[in-house]
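I open a new notebook page for this protein. The entries record what I looked up, in the order I looked.

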Amino acid sequence: MSTGRHSGTDIIRPSLHLLAWEITRRCNLSCAHCRASSEDEAYQGELSTEECYHLIDEIVKAGRPILILTGGEPLMRPDVLQVAQYAVSQELRVVMGTNGTLVSAELATELKSVPISRLAVSLDFPVPGLQDSFRGKPGAYRQAMAGIANARSAGIEIQINSTITRLNVQYLADLLELSLEVGAVAFHPFMLVPTGRGKGLEPEELSPQQYEETLNWIYDRQVELGDRIFFKPTDAPHYMRVLKQRQKNAASGQDAPSVSTQHPLQTLTRGCLAGTGFCFVSHNGTVQGCGYLDVEAGNVRERPFSQIWADAPLFRQLRDLSNIKGKCGLCEYKRICGGCRARAYEATGDYLEAEPYCMYRPSRWVKAKQGEEKGGSIR
């Protein structure tokens, strides 16, 4: 079921705000949830240093996004600081997504001198043994905590990323407390999208009811903590719907968390940003809407990135919300949420289908379903 209608409000004007770049697929850990199934081995076809520089030049033509260097483990790439410095010289703000285990005191000083604006360190359990098991390496927790301390000592902002499943949802409050203890400025709970090695965790994915409860818990904690730490649920576009519903239902807007701050790294904009405000570039130059949406928009070795971003058919489709099907297409929160296109793709094979882990029932969708049932009974 699609909307069957098209209006100017269905078109999202693209503005490249964030770009995640898998600068290497190699990783020193073997994490259970890894979308890339990364291992500690050389991967063929990674962009050369010169190709990296050229890509940065093309990114600047498309906008001035925050550049997230990720992997794999980006610190496994020998020239990563060199590439990061070039990006900074082109006036891009550079942050890094890392497992934290390789951040020695010396390396932290080098990262600060680039400068890397923020390190986003992945911690999924506040319990050393559970973190080590999930990350596939003894000592992973201890090394990550040491890396965080080294980065903080060097003056680098820390963000904690946690992939949330049935395995660790009961530790959410402890992960938040740990984030506060280590002086993190942001806490990003990632809702699992079961791709790559993460496919094995599919049975552990939260139910729609658990998603709803978790997103409401996040809202409550943000209200409670205010400016002490910034929350950004990731791969959970329906948080924007929850936020709007909660704000609307509040007796006073005073208890509602702000959706933006003055900090350029701490804003909530729209739910699914794939192809509208965000995209992903793989280790071999493949451009996707996001790292979890395994559909190619183009490859930077075949076509300039700025052109891919401007008019790739995949991106044009994602920017026209009239293409979205099912209850997402009829939802009054479509423009601020949009449903997770990657989760729809993994569940149905169609990235334009409805988000399968949202329990909200839009009134237009309910009426349409009732109409279908009534029509069916007449026949």
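My entries go from the whole chain to single residues.

**Ground rules.** I am working on a predicted model, where local features need pLDDT of at least 70 and side-chain atom pairs count only at pLDDT 80 or more, while totals for chains, interfaces and linings use all residues. Residues are numbered from 1 along each chain as its sequence is written, and side-chain values use heavy atoms, with hydrogens and water left out.

**Overall dimensions.** For 379 residues a compact globule would come near 21 Å, and the protein has 21 Å, which agrees. The C-alpha trace spans about 75 × 45 × 40 Å along its principal axes. I then looked up burial (buried is under 20% relative accessible area, exposed over 50%, partly exposed in between, with a 1.4 Å probe and protein chains only). Of the 379 residues, 55% count as buried. For contacts (heavy atoms within 4.5 Å), I took pairs at least 6 apart in sequence and found that 73% of them join residues at least 24 apart.

**Secondary structure and sheet.** I count helices (H or I, at least four residues) and strands (E, at least two) as DSSP runs, numbered from the N terminus. The protein has 13 helices and 10 strands. Strands count as paired if DSSP finds at least two bridges between them. I traced an open sheet of 10 strands with mixed pairing, in the order β7-β6-β5-β4-β3-β2-β1-β8-β9-β10. Its edge strands, β7 (230-231) and β10 (296-299), each pair on one side only. I then looked at β1 (residues 18-22) and β8 (residues 278-281), which pair in the parallel sense over four bridges. There, leucine 19 stands opposite cysteine 279 of β8.

**Helices on the sheet.** For the angles, axes are lines fitted to C-alpha atoms, for helices over the stretch in contact, and values run from 0 to 180 degrees between N-to-C directions. Helix α1 (residues 49-62) lies across β1, β2 (66-70) and β8, at about 170 degrees to β1. Helix α5 lies across β4 and β5 (157-164), at about 150 degrees to β5.

**Helix α4.** Which residues of α4 (residues 128-135) are buried? I noted Gln131, Asp132, Phe134 and Arg135. Seen down the axis of α4, they fall within an arc of 165 degrees (taken from the directions from the helix axis to the C-beta atoms), so they line one face of the helix. Their cover includes β4 (118-122) and α5 (140-153). Just after α4, glycine 136 takes a positive phi of about 75 degrees.

**Glutamate 205.** I found this residue in the loop between β6 (186-191) and α7 (208-225). Glutamate 205 counts as buried because its relative accessibility is 3%. Leaving out residues up to four places away in sequence, it touches Arg166, Leu192, Pro194, Tyr211, Arg343 and Tyr357. One of 3.4 Å joins the side chains of glutamate 205 and tyrosine 211.

**Threonine 165.** This residue is in the loop between β5 and α6 (172-181). Threonine 165 is buried, with a relative accessible area of 1%. Beyond residues up to four places away in sequence, it touches Leu192, Glu204 and Leu206.

I checked for cis peptide bonds. One joins glycine 71 and glycine 72, with omega about 20 degrees, and glycine 72 is in the loop between β2 and α2 (80-89). The bond from valine 114 to proline 115 is also cis, with omega near 0 degrees; proline 115 is in the loop between α3 (105-113) and β4.

Serine 37 has about 50 degrees and lies in the loop between β1 and α1. At 30% relative accessibility, serine 37 is partly exposed. Aspartate 235 has about 60 degrees and sits in the loop between β7 and α8 (239-249). Aspartate 235 is buried, at 15% relative accessible area.

Notes. Polar contact = N/O pair within 3.5 Å; in protein donor to acceptor, adjacent residues only side chain to side chain. Rg over C-alpha atoms; globule rule 2.2 N^0.38 Å.
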